[in-house]
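This report describes the fold, the helices and the pockets of the protein shown below.

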Amino acid sequence: MSRASAWGVLAAAVGVFTIATWVSPPAGGTGAHEQLGFAPCSLLMLTGVPCPTCGMTTSFAHFVRGEFIASLLAQPAGFAFAMATVIAAMVAATAIATGRAIELGRVFGNPVRVCAVTGGAVALGWAYKVIVTLATRAAAGA
């Protein structure tokens, strides 16, 4: 990673976390993105089943407040992505401070593996959200 790209990575990480500070995490674990002007989750509204990214914004909003357990419970993949964002920011800051190029492959590994891990994290986070949503709905109906 060159210094120029490191500045870009650092700016993106700071931007994501800055936006997350503007969002108040909702109690239900989903819907935080609506505070940014986005529409409610269509899949959740139509089927009652959350989409694969439901809870990500809420998770980041909890994370930036230091509410790590709440972040994890809102969306486990969101918590993992928030941690990855912190790591990316630290790697970028190191590259900026030292002026030494950092090979992202050495930090994050093989790109195919990164994509597989990311996809797996999203799938597991989605499965968790579906189970929690259905269990909550069943408990409320019982």
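## Opening question

Which helix gives the most to the lining of the second largest pocket? Helix 7 does, with 5 residues.

## Basis of the model

The model is predicted: local features need pLDDT of at least 70, side-chain atom pairs count only at pLDDT 80 or more, and totals for chains, interfaces and linings use all residues. Residues are numbered from 1 along each chain as its sequence is written, and side-chain values use heavy atoms, with hydrogens and water left out.

## Overall architecture

The protein has 7 helices and 0 strands, and its pattern along the sequence reads α-α-α-α-α-α-α. Helices (H or I, at least four residues) and strands (E, at least two) are DSSP runs, numbered from the N terminus. Taken along the principal axes, the C-alpha atoms fill a box of roughly 60 × 30 × 25 Å.

Of the 142 residues, 30% count as buried. Here buried means under 20% relative accessible area, exposed over 50%, and partly exposed in between, with a 1.4 Å probe and protein chains only. Among contacts (heavy atoms within 4.5 Å) between residues at least 6 apart in sequence, 61% join residues at least 24 apart.

## Helix 1

Helix 1 covers residues 3–22, and at 1.5 Å a residue its 20 residues should span 28 Å; the end C-alpha atoms are 29 Å apart, which agrees. The expected span is 1.5 Å times one less than the number of residues.

The buried residues of helix 1 are Ala6, Leu10, Ala13, Phe17 and Ala20. Seen down the helix axis, they fall within an arc of 85°, so they line one face of helix 1; the arc is that of the directions from the helix axis to the C-beta atoms. An α-helix has 3.6 residues a turn, so residues three or four places apart point the same way. On the other side of helix 1, Ala4, Trp7, Ala11 and Trp22 are exposed. The cover over the buried residues of helix 1 includes helix 3 (56–64) and helix 5.

## Helix 3 and threonine 58

Helix 3 is mostly covered, with 7 of its 9 residues buried: Met56, Thr58, Ser59, Phe60, Ala61, His62 and Phe63. Helix 1, helix 4 and helix 5 are included in what covers them. After helix 3 comes glycine 66, whose phi is positive, near 80°.

Threonine 58, in helix 3, has a relative accessible area of 1% and is buried. Leaving aside neighbours within four places in sequence, threonine 58 is in contact with Pro25, Pro26, Gly29, Thr30, Gly31, Ala32 and Ala74.

Methionine 45 lies in helix 2 (residues 42–47) and is exposed, with a relative accessible area of 59%. The C-alpha atoms of methionine 45 and valine 114 are separated by 31 Å, and the two residues are 69 residues apart along the chain.

Valine 130 belongs to helix 7 and is buried, with a relative accessible area of 19%. Neighbours within four places in sequence aside, valine 130 is in contact with Val49 and Pro50. Between valine 130 and alanine 32 there are 17 Å, C-alpha to C-alpha, and the pair is 98 residues apart in sequence.

## The pockets

On a 1 Å grid over the protein atoms alone, a cavity is a set of points where a 1.4 Å probe fits but cannot get out, whereas a pocket is an open set with protein on both sides within 12 Å along at least five of seven lines; lining residues have an atom within 4 Å of a point. Grid points are joined across faces, edges and corners, and a volume is the space filled by probe spheres set on the points. Ala, Val, Leu, Ile, Met, Phe, Trp, Tyr, Cys and Pro count as nonpolar, Asp, Glu, Lys and Arg as charged, and the others, Gly among them, as polar.

The largest pocket has a volume of about 330 Å³. Its lining consists of Ala80, Phe81, Ala84, Thr85, Ala88, Phe108, Arg113, Val114, Val117, Thr118 and Ala121. Helix 5 (76–98) and helix 7 (111–141) are the elements that give two or more residues to this lining, which divides into 8 nonpolar, 2 polar and 1 charged. The second largest pocket has a volume of about 210 Å³. Of the 15 residues that line the second largest pocket, Gly28, Gly29, Thr30, Lys129 and Val132 are the closest to its centre. Helix 4 (68–74) and helix 7 each supply at least two residues of that lining, whose classes are 8 nonpolar, 6 polar and 1 charged.
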